[in-house]
Amino acid sequence: MQQHAYSRTSAMFSIFLPALLICVFFLWSLYTLMSAGPEPLAVLGVYTLPILMLSSITGLNQPTNIMISEDELKIGAFGRWHTYAVSDIKGKLFLKPYPHIGKVYVRVGPARIFGGRYWISSEMSEYKQLVQSLQSLATCDEKEDAAK
């Protein structure tokens, strides 16, 4: 089993701190809206920040841990895990590298509202091996296709 994770410092500054700032800005927007009236920035915050919080926490779009075994792919953050059977996602994984920002966009299976879309940063442990493993899951073997 391959296990990949961020260092504590990387996870803190790139995942947990932004999530905390989203929550703080949402509370500020709510307070401003209730006390000062419909300020444009407060209204924007009240409407958009809950979606960002749900996407971050429920959708796990910035995972802190990824585990790959022969049978399953597990992606986790915030104490939650999305688990995929390798047999179900073989050939249904999409990777798009963004080398200029040091990230890879990963989409697992069909599009869903929450989950299935992840950003993996080059700061994750054994990043190159992780990307190679994901690419091998993304491409179907011609022999496997012929066997089906």
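Of the 148 residues in the protein, 36% are buried, where buried means under 20% relative accessible area, exposed means over 50%, and partly exposed is in between, with a 1.4 Å probe and protein chains only. This is a predicted model, so local features need pLDDT of at least 70 and side-chain atom pairs count only at pLDDT 80 or more, while totals for chains, interfaces and linings use all residues. Residues are numbered from 1 along each chain as its sequence is written, and side-chain values use heavy atoms, with hydrogens and water left out.

**Overall layout**

The protein has 5 helices and 7 strands; helices (H or I, at least four residues) and strands (E, at least two) are DSSP runs, numbered from the N terminus. Going along the sequence, you get the pattern β-α-α-β-β-β-α-β-β-β-α-α. The C-alpha trace spans about 65 × 30 × 30 Å along its principal axes. Take the contacts (heavy atoms within 4.5 Å) between residues at least 6 apart in sequence: 48% of them join residues at least 24 apart.

**Inside: the core**

Which residues have the most contacts inside the largest nonpolar core? They are Ile-66, Leu-73, Leu-93, Leu-95, Val-106, Ile-120 and Leu-134, in a core of 26 residues. At least two residues of this core come from each of α1, β2 (65-68), β3 (72-77), α3 (86-89), β5, β6, β7 (117-121) and α4 (127-138). For the record, a nonpolar core is a set of buried Ala, Val, Leu, Ile, Met, Phe, Trp, Tyr and Cys residues joined through side-chain atoms within 4.5 Å.

Leu-95 is worth a look here. Leaving aside neighbours within four places in sequence, Leu-95 is in contact with Val-104, Tyr-105, Val-106, Val-131, Leu-134, Gln-135 and Ala-138.

**Strands β5, β6 and β7**

Strand β5 (residues 93-98) and strand β6 (residues 103-108) run antiparallel and are joined by 6 bridges; two strands pair if DSSP finds at least two bridges between them. β6 also pairs with β7 in the antiparallel sense, over 5 bridges. A few bridge partners are listed here.

| Residue | Bridge partner | Partner's strand |
|---|---|---|
| Leu-93 | Val-108 | β6 |
| Lys-96 | Tyr-105 | β6 |
| Arg-107 | Arg-117 | β7 |

β5 and β6 form a hairpin with 4 residues between them, and Gly-102 in the turn has a positive phi of about 75°. Pro-99 is in the loop between β5 and β6. Is Pro-99 buried or exposed? Pro-99 counts as exposed because its relative accessibility is 70%. Pro-99 and Ser-122 are 23 residues apart in sequence, with a C-alpha to C-alpha separation of 9.0 Å in space.

Over in strand β7 sits Trp-119. Trp-119 counts as partly exposed because its relative accessibility is 26%. Apart from neighbours within four places in sequence, Trp-119 is in contact with Tyr-6, Asn-61, Gln-62, Pro-63, Tyr-98, Lys-103, Val-104 and Tyr-105. Trp-119 and Ile-15 are 104 residues apart in sequence, yet 11 Å apart in space, C-alpha to C-alpha.

Phe-78 has a phi near 55°, a positive value in a residue other than glycine. Phe-78 lies in the loop between β3 and β4 (80-85), and it is partly exposed because its relative accessible area is 28%. Glu-126 also has a positive phi, near 50°, again in a residue other than glycine. Its place is in the loop between β7 and α4.

**Outside: a nonpolar patch**

What forms the nonpolar patch on the surface? Met-12, Phe-13, Phe-16, Leu-17, Leu-20, Leu-21 and Val-24 do, with about 670 Å² of accessible area together. Patches are made of residues with over 30% relative accessible area and no salt bridge, with like charges joined within 9 Å and nonpolar side chains (Val, Leu, Ile, Met, Phe, Trp, Tyr) within 5 Å. A salt bridge is a side-chain nitrogen of Lys or Arg within 4 Å of a carboxyl oxygen of Asp or Glu. Met-12 lies in helix α1 (residues 8-36), and Met-12 is partly exposed because its relative accessible area is 46%.

Note on methods:
Accessible areas come from the Shrake-Rupley method with a 1.4 Å probe; for residues, only the protein chains shown count as cover.
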